[in-house]
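Please follow along in your own viewer.

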Amino acid sequence: MISVAIDGPGGAGKSTAARAAAERTGLKYMDTGAIYRSLGRYLRRSGVDIDREEAVAAALPALDVEVFYNEEGQQIRINGEDMLPYIRTPEAGDAASRTSAYGCVRDKLLQLQRDTAERYSVIMDGRDIGTVVLPNADLKIYITADPQERGRRRFLELWERGRRDITLEGVTEEIRQRDERDRKRPIAPLRRAEDARLLDTTNRSPEEVTELICTWIREKEAEQ
C-alpha cells in the first residue's frame with residue numbers, strides 16, 4: 001500500500017498528471033477537486049445560498065455523497081445523481097472554492113477521502129491533501145505553474161469542450177481570484193507541505209511531468 005498526495009493551484013496540471021501516473025502505476029486516482037465541485041454545483045443548483053455557511057450546513061445532512069470506481073475510473077454521485085457531466089465549468093469551480101472554505105463541508109468529505117486511502121493504494125490531488133487529508137502520505141508533491149500559463153491551459157481545456165462564451169482574460173482572472181480565496185481561507189488553506197517535493201510544470205510537457213511523478217512513486221515503492 002502506498003499513498004501519494006498532490007497539491008497545487010488550479011490549472012497547474014495536477015489532475016492530468018495524477019490521473020496519468022495512477023494509470024501507469026496501477027494506483028487508484030482520487031480527484032478530490034471533482035468531489036468538491038460536485039458538492040458545490042449540487043448545492044448551488046438546488047437553490048442553496050452558498051455564500052452563507054449556515055445555509056450550506058443545513059443542507060448537507062440530506063446529501064448522500066458516493067465515490068466509487070469502474071472501468072472508466074472515479075465516479076461521483078450525490079443522492080443517486082451522476083455529477084461528472086456537470087463539474088468541469090468555471091461555475092462549478094467557483095462553487096467549489098466558496099463552499100470548500102466551510103468547516104462543515106470539509107468535515108463531511110474528509111473521512112470519505114481518508115477511507116479511500118485506507119482501502120486502496122491511491123493518488124489524491126487537491127489543495128490540502130498533504131497538509132490535512134493525508135498528512136502522513138508516503139509521497140507529497142506540490143505542483144505549480146506560472147499564473148498566465150495556468151489561465152491559458154484552462155481556457156484551451158474549456159474551449160475544446162465547446163465553451164464559446166469565455167475569454168482568455170476572463171478565465172485567467174477567475175483563476176487569480178480562486179487562488180486568492182484558496183490561500184486566504186481560514187480552514188485548510190492552499191499551501192505547500194513542508195515535506196512536499198516542488199514541481200513547476202510551466203515549461204514541462206504533460207509527459208515529462210507524468211514520468212517524473214512515476215519515477216518518484218517507484219522510488220518510494222522500492223523503499224517499502
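Predicted model: local features only at pLDDT ≥ 70, side-chain atom pairs only at ≥ 80, totals over all residues.

**Entry 1: Arg150**

Leaving aside neighbours within four places in sequence, which residues is Arg150 in contact with? I found Pro9, Gly10, Gly11, Ala12, Ala145, Ile175 and Asp179, where contact means heavy atoms within 4.5 Å. Arg150 belongs to helix H7, residues 147–160. Helices (H or I, at least four residues) and strands (E, at least two) are DSSP runs numbered from the N terminus. With a relative accessibility of 2%, Arg150 counts as buried. My classes are buried under 20% relative accessible area, exposed over 50% and partly exposed in between, with a 1.4 Å probe and protein chains only.

Residues are numbered from 1 along each chain as its sequence is written, and side-chain values use heavy atoms, with hydrogens and water left out.

**Entry 2: the sheet**

I traced an open sheet of five strands in the order E2-E6-E1-E7-E8, with parallel pairing. Two strands pair if DSSP finds at least two bridges between them. At the edges I noted E2 (28–31) and E8 (197–200), each of which pairs on one side only. Ignoring direction, neighbouring strands are turned by 20 degrees against each other on average. Helix H1 (residues 14–25) packs on this sheet and touches E1, E2, E6 and E7, and its direction makes about 175 degrees with that of E6. For these angles, axes are lines fitted to C-alpha atoms, for helices over the stretch in contact, and angles run from 0 to 180 degrees between N-to-C directions.

I then checked one pairing in detail. E7 (residues 139–144) and E8 are parallel over four bridges, and Ile141 has Arg197 in E8 as its bridge partner.

Ser3 sits in strand E1 (residues 3–7) and is buried at a relative accessible area of 12%. Beyond four places in sequence, I list Val122, Leu134, Asn136, Ala137, Asp138 and Leu139 as its contacts.

**Entry 3: the cores**

How many residues does the largest nonpolar core have? I read 36, and those with the most contacts inside it are Leu39, Leu43, Val56, Val105 and Met124. Such a core is a set of buried Ala, Val, Leu, Ile, Met, Phe, Trp, Tyr and Cys residues joined through side-chain atoms within 4.5 Å. H2 gives the largest share of this core, six residues. A second, separate core has 21 residues, among them Ala18, Ala22, Tyr29 and Leu139.

Next I looked at H4. Seven of its ten residues are buried, so H4 is largely enclosed by the rest of the structure. The buried ones are Pro90, Ala92, Gly93, Ala95, Ala96, Ser97 and Thr99, and their cover includes H2, H5, H7 and H8 (168–184).

**Entry 4: hairpin and rings**

E3 and E4 form a hairpin with two residues between them; they run antiparallel and are joined by six bridges. Tyr69 stands opposite Gln74 in E4.

I searched the whole structure for aromatic pairs and got two. Rings of Phe, Tyr and Trp (its six-membered ring) pair if their centres lie within 6.5 Å; planes under 30 degrees apart count as stacked, over 60 as edge-to-face and the rest as tilted. Tyr69 and Tyr120 have ring centres 5.8 Å apart and planes at 70 degrees, so this pair is edge-to-face. Tyr69 is in E3 and Tyr120 in the loop between H5 and E6, so the pair ties together parts that are 51 residues apart in sequence.

Lys28 lies over the face of Tyr120, at 5.7 Å from the ring centre. My criterion is NZ of Lys or CZ of Arg within 6 Å of the ring centre and within 35 degrees of the ring normal. The charged end of Arg164 likewise sits over the ring of Trp159, 4.0 Å from its centre.

**Entry 5: backbone check**

Most residues other than glycine have a negative phi. Asn79, although not a glycine, has a positive phi of about 50 degrees, and I place Asn79 in the loop between E4 and E5 (81–82). Ala188 also has a positive phi of about 50 degrees; this residue is in the loop between H8 and E8 and counts as buried at 14% relative accessibility.
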